[in-house]
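Please provide a briefing on the structure below for a reader who is new to it.

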Amino acid sequence: MKQRNAYFVTQAAAIAAIYVVLTLLIDAFNLANGAIQVRISEALTILPFFTPAAIPGLFIGCLLSNFVIGAPIWDILFGSLATLLGAIGTYLLKKWKWMAPLPPILSNTLIIPFVLHYAYAFPGGIPFFMVTVGAGEVISCGILGTLLLFVLQKYRQIIFR
């Protein structure tokens, strides 16, 4: 039992670390938390399809990423909540592979525009931010996440035993 718990914590920590590194990488191009964003680390939100350890890993990774890049407190809280909800949704839909990217796309498209409007006071309205964030999520979760899902599917028994 202890070995299983240690494996769970190790997986969650590794996922959190990878999320932070990918967010810092994309932040160098100012695409991590602006009105137009393609946070490639969000591709990892398909990982709950493989392991429940990804849920806390993604949440902690997003929380740490937002803190490190200097996001306002509302983005740290609600951005991390959006990722958490997306990860839980992906886990709940794990029987339907093609649906895996949908929960993070929806949660971020519905929550993050309010963060951009109220926490950052970016010019543009919430509907505009829904389009820009939604498009970024389709790229990161829908396209990159689905590609990642199919690549990892081949190694599922090795990586996510």
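L147 lies in helix 5, where helices (H or I, at least four residues) and strands (E, at least two) are DSSP runs numbered from the N terminus. At 53% relative accessibility L147 counts as exposed; the scale calls a residue buried under 20% relative accessible area, exposed over 50% and partly exposed in between, with a 1.4 Å probe and protein chains only.

The model is predicted, so local features need pLDDT of at least 70 and side-chain atom pairs count only at pLDDT 80 or more, while totals for chains, interfaces and linings use all residues. Residues are numbered from 1 along each chain as its sequence is written, and side-chain values use heavy atoms, with hydrogens and water left out.

**Helix 5**

- Helix 5 has 29 residues and reaches 40 Å from its first C-alpha to its last.
- That reach is close to the 42 Å expected at 1.5 Å a residue, the expected span being 1.5 Å times one less than the number of residues.
- A kink of about 35° in helix 5 is centred on G145; the bend at a residue is the angle between axes fitted to the seven residues ending there and the seven starting there.

**The largest cavity**

- A search of the whole structure finds one cavity of 30 Å³ or more. On a 1 Å grid over the protein atoms alone, a cavity is a set of points where a 1.4 Å probe fits but cannot get out.
- About 90 Å³ of space lies in the largest cavity; grid points are joined across faces, edges and corners, and a volume is the space filled by probe spheres set on the points.
- The elements that give two or more residues to its lining are helix 2 (54-68), helix 3 (73-92), helix 4 (102-118) and helix 5 (126-154).
- Helix 3 provides the largest share of this lining, with three residues.
- The largest cavity is lined by 15 residues, and Q37, R39, G79, N108 and I112 lie nearest its centre. Lining residues are those with an atom within 4 Å of a point.
- By class, the lining of the largest cavity has five nonpolar, six polar and four charged residues. Ala, Val, Leu, Ile, Met, Phe, Trp, Tyr, Cys and Pro count as nonpolar, Asp, Glu, Lys and Arg as charged, and the others, Gly among them, as polar.
- G79 is found in helix 3 and counts as buried, at 3% relative accessibility.
- G79 and S107 are 28 residues apart in sequence, and their C-alpha atoms are 9.5 Å apart in space.

**The largest pocket**

- The largest pocket has a volume of about 330 Å³. A pocket is an open set of grid points with protein on both sides within 12 Å along at least five of seven lines.
- Its lining includes M1, Q3, R4, F50, P52 and F160.
- By class, the lining of the largest pocket has six nonpolar, four polar and two charged residues.

**Aromatic pairs**

- Rings of Phe, Tyr and Trp (its six-membered ring) pair if their centres lie within 6.5 Å; planes under 30 degrees apart count as stacked, over 60 as edge-to-face and the rest as tilted.
- By this rule the count comes to six aromatic pairs.
- Y120 and F122 form a stacked pair, 5.0 Å centre to centre with 5° between the planes.
- F122 is partly exposed, with a relative accessible area of 26%.
- Ring pairs link F49, F50 and F160 into a cluster.

**Loops and helix 1**

- N30, in the loop between helix 1 and helix 2, has a positive phi of about 55° although it is not a glycine. N30 counts as exposed at 60% relative accessibility.
- A121, in the loop between helix 4 and helix 5, has a phi near 55°, a positive value in a residue other than glycine. A121 counts as exposed at 59% relative accessibility.
- I36 is placed in the loop between helix 1 and helix 2 and is exposed, at 55% relative accessibility.
- K2 belongs to helix 1 (residues 2-27) and is exposed, at 75% relative accessibility.
- The C-alpha atoms of K2 and T146, 144 residues apart along the chain, are separated by 33 Å.
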